[in-house]
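Hello,

Please find the structure below, with its sequence. My notes on it come after.

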Amino acid sequence: MATPTPNLGLIMPDMSDEVDQTIPALASSLGIVDAATGKLSDLATVDKSSLVAAISESSNGLDALKADVANKSYYVTPEMYGAVGNGTTDDGTAFLNMYADAKTKQVSVRLTKSRYKITKPLNTVGVSTYSDIYSVLDIQVSAADGNAFTWGGENVTICGVCFELSNSTTNTSMQGLYNASSNVNNQRFIRNKVKGKTFKSDGVTGNIYGVWVNANGLRGVRICDNVFETVNYPVQINQQTAGGNIATPMGSPIENIYIEDNVILKGTIGINTPHVYCHHAFIRNNRVTSDTGFNINLAHVNNFVVEGNILDGATVTTDSVLHIEDVSYAGTVTNNIIRAQNQADAIRIQLASGVSQDTYVPTEGILVEGNDLKGVGNANGVQIVDTSSKRIKLSNNRIENFAIGATINATQCDINDNRFLSCPLCLYLTQRVRVSGLIVESCTTIVRSGNSIPVEIDGITFIGEVPTLKPQVVSSNISMVIYRNVRFSSPVGVTISSTTAFDLFVLPDSGKFDFNLYYKLSNTTNSSIVRLNAKYDGTTFTPTKTYELLNGGVGGGTFAMTAGKLTASHFLSGGTLSITWDITIDSLVYTA
């Protein structure tokens, strides 16, 4: 696929002020307009010799103005300062001189050659840089040099540049593309390519960072349409110091952060702004693979959107792929595709104040909706870690192949219309939450409960299995589970034999329960419809049919509790029958 040519966005200066000043002066000098009143003069009274002289003088002035406009430059290039741009000659001095001059003249830098070798750190603050051919800046420095490329400032743009970054100090990391410009507007890092070329001694971990913004008072930062490869921390809006405990506010609020449409190979996206009011952050449509975990990490951020990202987790991490922590709130996490590896959760939300000791208590929740989460049989699809994480809503997510589909340790949470596939345990609840609309396929247990809380689940649909309704008890810390509107069906065309019991579903295996169900067994010509109440007092199972309607060659149903399962059997006039059965449980109450 052809590489798109960047839109340089070079803006020519407005000359209207100079024209506005020149035209009235010309008219006045010619005597055509009265200078005092601005009105048109009587040409009959104009001195003809003065008119001729004025015309000559004014013409010379216009020529000077034209020459001045022609001589003005609105960008500079490295070649103007002696750069060769062949990839082998060191152009570092030329670049230092160019950026210093560009800042003084308030003009942009335009890169025109294919490759520049630079062995000096560059400070480009206040200057925009554009390349219309994706010029390569091969910056070769060491950790002792400081930042490889420092950028930022009011309305500054870095566009269309290929950065190849090398740090010769093997085991000491350094900043790559560093921005510390506070209290500025509209900074853009767009359509660039960033590659780290050096690593720590393990040969895997990059020793130079990507874009790191360490500033406050920012209004409008766009980091969009870039490719990052083998740089450590490719995209960070991060002010956290060593240890993270910052006792006083660090500066003015940060707002309107856009991190969108980037491709990140082996790295992370992070926003971490302790004690700074950071709001309206949009992280959308990024593709992020990670070799360390935390593909996306948000802390101290509110009014955020994490949407449409594809996140491939690391094989070594034991934490999470998408991590939201430390008093972040009022956000949405929607339509992301997340693949977790090793012992990592796909999504972890942990909103209690951490090492920053930020004292704000979130009052607005987070919506987690429409995400596709898949693991390798370990950890959690979603984990809400602490009781500070209030008002979380999990809705319409697909959660597959985790040890636990969702662990909820928070109050005031809603869990509705989620689909759980191949999770031994769908829900682990330690707080009372609202649960409804579960879709369950190939899962062993619906709910595990702790802290002696009652659990109520309104609406479960089982797909393609003999389902289990038994709750899992932790140290007897369960008081009651209530299921309502539970629906499931057998596969089409199950063959049963006359008077031979077959399994309907797994019953709670301890305690007591009481349920009412509607049962229909049928094919095109035969049917049995039963309404049944069943009770178990811990010793005796008592099924009672309250209604039965038979049609064709099917006899009345006999129901029993066998090996922890509800079973049914029928007399069949033909000996065997290919059927489908459907069950709806109006309510099942389980008590420990």
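The notes go from the whole chain to two places in it.

This is a predicted model: local features need pLDDT of at least 70, side-chain atom pairs count only at pLDDT 80 or more, and totals for chains, interfaces and linings use all residues. Residues are numbered from 1 along each chain as its sequence is written, and side-chain values use heavy atoms, with hydrogens and water left out.

**Whole chain.** The chain has 592 residues, and 48% of them count as buried (under 20% relative accessible area; exposed is over 50%, partly exposed in between, with a 1.4 Å probe and protein chains only). Its secondary structure comes to three helices and 51 strands (DSSP runs, numbered from the N terminus: H or I of at least four residues for helices, E of at least two for strands). Of the contacts (heavy atoms within 4.5 Å) between residues at least 6 apart in sequence, 66% join residues at least 24 apart.

**Gln187.** Is Gln187 buried or exposed? Gln187 counts as buried because its relative accessibility is 1%. This residue lies in strand E12, residues 185-190. The side chain of Gln187 reaches the backbone nitrogen of Gly153 at 2.9 Å. Leaving aside neighbours within four places in sequence, Gln187 is in contact with residues including Trp151, Gly153, Asn179, Leu218 and Arg222.

**Val263.** Strand E19 covers residues 263-265 and holds Val263. With a relative accessible area of 31%, Val263 is partly exposed.

Regards

Notes
Polar contact = N/O pair within 3.5 Å; in protein donor to acceptor, adjacent residues only side chain to side chain.
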